[in-house]
Amino acid sequence: MAYDKQNTDNFLDLIRQSKRGKFKIYIGMSAGVGKTFRMLQEAQTLLRNDADVKIGYVETHGRKETEELMEGIPIIPRRKLFYKGKELEEMDVQAIINLHPEIVVVDELAHTNIEGSKNEKRWQDVMEILDEGINVISALNIQHIESLNKEVKEITGIEVAERVPDNVLRQADEVVNIDLTSDELITRLKEGKIYAKEKIQTALQNFFQPEKILQLREMALREVASQVERKIEFEIPRNIQSKQERLMVCISSNDEIAKKIIRKTARLASYYNAKWFLLYVQTPKESVDKIGLAAQRFLINNFKLATEMGAEVVRVQNSNVAHGILEIAEEKKITTLCIGKPHLSLSNIILRTAIFNELLKKLSASDIDLIILS
């Protein structure tokens, strides 16, 4: 596997330009493509360039070639703790902050920390480290990106539990795709370079099928291409007169597809490098003393999801939903309004047609596009 030294030099240049730590992510279509290998390869190059680089957390999974690359790189000892009667290890965030290396390598960005840790997720640990002015090199697989959750499940049949908000990727200064063909990846699997021998056949029958790998590979390439586009748009000044996209998605307290439309809006916002908002218009019948506990939990969970994915959550009270939407759309200078496709009975359609027509009429008089998401 050829290594691009110029890529390392570029990252080293970025590092010395800002007080907040610089953030580099290696992304791949699946386990075994070589993300950890490439991170350690870069760490070795940085070390030879006299950079103060240390390993905060790396999981080699017993791969000999990966373990060999760790030699000579200082390792920050992990934090030991007991959980359910077992001694376990986690990355020691405070030790990293105290030692304050110039660069720290942190593997498995989507990892869920052991219960009782300061942060629930490792990506939150990384945000804390970056805020301290420490530069981070990390890695994750494409299936761990929050807004791709549904698409990944359709491809693989697996619900990925450990996920990273899209906003985390948008904060990265560099995103590098580690690419292999499906044949190369399957060969690595058969050679025992990804999983133990007893797991190989099961993996070949499930996740590591050529058609699934190809679809995940396309997703990874597409994601990195989008990141490059955003970087170009950020670094190359736009025409002052160009339109700055601002998206807003509207949800209700009983919207069954809210999570789907939140994720889809996040993808759109990511594609357009746009600021986006989640709006909930609270009507009198949904006031604090009238709304049910289930609906409250629903709203809180969706507010949290949207916030993690980079949205600004807006809550307003208005007896007229259409008026509430339009007021906030005007206030926030929204260019595109996103709503879910209604799942209504005939009677509800008749009762609510007037509201929808009023919204359409007012939108047509403004410069706001409307997207109805399935």
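Which residues touch the most other members of the largest nonpolar core? They are Phe23 and Leu109, in a core of 69 residues. A nonpolar core here is a set of buried Ala, Val, Leu, Ile, Met, Phe, Trp, Tyr and Cys residues joined through side-chain atoms within 4.5 Å, and buried means under 20% relative accessible area, with a 1.4 Å probe and protein chains only.

The model is predicted: local features need pLDDT of at least 70 and side-chain atom pairs count only at pLDDT 80 or more, while totals for chains, interfaces and linings use all residues. Residues are numbered from 1 along each chain as its sequence is written, and side-chain values use heavy atoms, leaving out hydrogens and water.

**Overall content and cores**

The chain comprises 14 helices and twelve strands, which are DSSP runs numbered from the N terminus (helices H or I, at least four residues; strands E, at least two). Of its 374 residues, 50% count as buried. Leu109 touches, among others, Phe23, Ile25, Trp123 and Val168, not counting residues up to four places away in sequence; contact means heavy atoms within 4.5 Å. A second, separate core of 23 residues includes Ile261, Ala306, Met309 and Ala311.

**The open sheet**

Five strands form an open sheet in the order S10-S9-S8-S11-S12, with parallel pairing; two strands pair if DSSP finds at least two bridges between them. Strands S10 and S12 stand at the edges with a single partner strand each, so one side of each has no neighbour in the sheet. From one strand to the next, the twist averages 25 degrees. Six bridges join S9 to S10, and Val281 stands opposite Val316 in S10.

Angles run from 0 to 180 degrees between N-to-C directions, with axes fitted to C-alpha atoms, for helices over the stretch in contact.

| Helix | Strands | Angle |
|---|---|---|
| H11 (residues 258–272) | S8, S9, S11, S12 | about 180 degrees to S8 |
| H13 (residues 321–331) | S8, S9, S10, S11 | about 150 degrees with S9 |

**A helix pair**

The axes of helix H8 (residues 182–190) and helix H9 (residues 197–205) come within 9 Å and cross at roughly 155 degrees. H8 and H9 are therefore roughly antiparallel to each other, a term for angles over 145 degrees. Ile186, Leu189 and Lys190 of H8 make the contact with Ile200, Ala203 and Leu204 of H9. These residues divide into five nonpolar, no polar and one charged, where Ala, Val, Leu, Ile, Met, Phe, Trp, Tyr, Cys and Pro count as nonpolar, Asp, Glu, Lys and Arg as charged, and the others, Gly among them, as polar.

Note on methods:
Angles under 35 degrees count as roughly parallel, over 145 as roughly antiparallel, 65 to 115 as roughly perpendicular and the rest as oblique.
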